[in-house]
Amino acid sequence: MTLALTLSTISPEIGGVLVRGEKGTAKSTVVRALAAVLPPIDVVAGDRFSTDPRDKDDALSPDGPFGPDAATETRPVRLVELPVGATEDRVLGSLHLERALRDGRAEYEPGLLARAHRGILYVDEVNLLHDHLVDLLLDAAATGRATVERDGVSVTHAARFVLVGTMNPEEGELRPQLLDRFGLTVEVAAPRDPAVRVEVVRRRMAFDADPAAFTAAWADQERAFTDRVRAAQEALGSVVLGDAALLTIAEVCAAFDVDGMRADLVTARTAIAHAAWHGRTTVELEDIRAAARLALPHRRRRNPFDAPGLDEDLLDEVLGEPDPEPDPDGPGDGGFETGPDGPPQPPDSPLVEDSPLVGDSPRVGDSPRVEDPPLVEDSPLVENSPRVEDRPLVEEGAQAPVSKPAEAVAPATPFRPRALTVSGLGTGEAGRRSRAVTSTGRRIGARVPHEKGGAIHLVETIRAAAPYQGARERDGDRLALRGSDLRVAVREGRESNLVLFCVDASGSMAARTRMEPVKTAILSLLLDAYRRRDKVGLVTFRGTDGSLVLPPTSSVDVAAHRLDALAAGGRTPLAEGLTVAAETLRIEQLRDPRRRPLLVVVTDGRATAGTDAVARAHHAARGLAGTGVATVVVDCESGRMRLGLGRELATALGAEHLPLEHVEAAALAGMVRDRRAA
């Protein structure tokens, strides 16, 4: 992680760093500490866009042009943090509304991209940021400039910064298209070596006890690190990337079958920065190896559920046998020497190579990876649930065989499912499923602004001011505007929803001929939820009760793992499953009232567990219908003789009835064509 961050500060053209890892691994701490150890920069005094005095092309600063004798000042590199809830106006900048209304002038108010120029732009939980904002950030990071064309303002300014995003994969993944736009990516996990963990705790406690003394103890190493970064930045332009090295980079990228040419460009720029960091004037094999480990893992994903990774054996085969590598956890002489009579002391000599701030990236195979989420049968959410290999598949009412374990059913290739939406107009977070009033989309009206930002609705603003022009003091023929006249556009776009799956895992669903298409359909709907940026949850029911297998989450990957581990057998407690689903939706509505839910019940409609099973199931269904939640019943009943229980359940729920074979969009389109032909 520290190597990737350092190389990106040496060469911002690399395109930023994505740090993925489990919680509590100091991802944010390292990023925030980076700005403090970078060399300070010279800027034109009073310029809001941090123009470099040595940059002859100051036309990209809206505050320019500056004369040759313009005053300058030196300041530290800025770390600008972009909140997850930021709007496009806050990121790009917008019209200065107060001056526009007071003076009648269109003046640009800079956003976060302008403030981050020549610094670091940090997005914590970048996977939770709206896709269009992530795309906007990555475009600016790649081109080095930001362009604003809105509200009568046309501005282009320099925006060269190091983009750093951190994320916990358990909370949801970035789309592959956006993942590819990050230059480098690294996986972070807590050390498993007790001695290293002890040293982490010891240093943190030493800092808490005396922050000033702790910082002073490491001041020499930090200065050495800063000087080395400055030297690498100055030497970057003199590093030679020869034809042989460039061909090797192309061979590596071709061997890993990455899409497009971005991988080749990023690997080349990273290799050059790595050579400059190590004081070399030409790119060598070890620079290419280090660059490939950082630039390629996230570009090998072939579908959204693939985890980023790199085949080290293939890399060695293409590049040749690697040189012996240092201990991934770092040599012992780079840490504190803890004495028995006082607080930890720093080492005698500032060894930048051994500093915990930076070091060569360890082999992917040697570094601890983020563990996969627990399987359903191992989850504490599912109590008293036997393991898949110990649980037989039984039909309802039959005796369980003694020695025939259940087989895992592998889902077939997912398909494009029919679009399921919530009716009406919502107000949730921007997404791609149901109609909603959002910050993007087509303009459908205007409103009084409740907060700063938003696109001005000029016609409605003038219309609101028109009746008062006779009573206001006017400057000639100019329109006299007040803050109360301002109107902003109301736009209709698409929102993301909570898609809660309530899946029948009873014995009637356990047959291979039925369970395989059911899992395939659910996996296809999960992929659809991933693309539409929904939250998902998973409730199952079998035996005597229902269980919340996966609480609502943005991580569709985790839901796919839980689905893959889903076992089936026993009776059908339909009422209990619907009750758990209703309670889950109630709690989630309190947590996130703007996000509208979509309940997808996957069952054949049977209810066989307990007394009055059918009556209790219909009572639970009518209770759910009374809440007004949008529901779809995916009817899994198959065969020539069908009882129609799924359709009856849909009627009780006030839900849409969707036969399993019609979940696929192509199948539904074919059915419509056949009806039209008939």
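Visitor: Which residues of helix H15 (residues 458-465) are buried?

Guide: Buried means under 20% relative accessible area, exposed over 50%, and partly exposed in between, with a 1.4 Å probe and protein chains only, while helices (H or I, at least four residues) and strands (E, at least two) are DSSP runs numbered from the N terminus. In H15 the buried residues are Thr-461, Ala-464 and Ala-465, and they line one face of the helix, because they fall within an arc of 95 degrees when seen down its axis, the arc being that of the directions from the helix axis to the C-beta atoms. This is a predicted model, in which local features need pLDDT of at least 70 and side-chain atom pairs count only at pLDDT 80 or more, whereas totals for chains, interfaces and linings use all residues. Residues are numbered from 1 along each chain as its sequence is written, and side-chain values use heavy atoms, with hydrogens and water left out.

Visitor: How many salt bridges does the structure hold?

Guide: Side chains of opposite charge can pair when their charged atoms come close. A salt bridge is a side-chain nitrogen of Lys or Arg within 4 Å of a carboxyl oxygen of Asp or Glu, and the structure holds 30 salt bridges.

Visitor: Which residue forms a salt bridge with Glu-495?

Guide: The partner of Glu-495 is Arg-596, with the closest N and O atoms 2.6 Å apart. Glu-495 lies in strand S14 (residues 488-495) and Arg-596 in the loop between helix H18 (574-591) and strand S18 (597-603), so the pair ties together parts that are 101 residues apart in sequence. Glu-495 is buried at 0% relative accessibility, and Arg-596 is buried at 16%.
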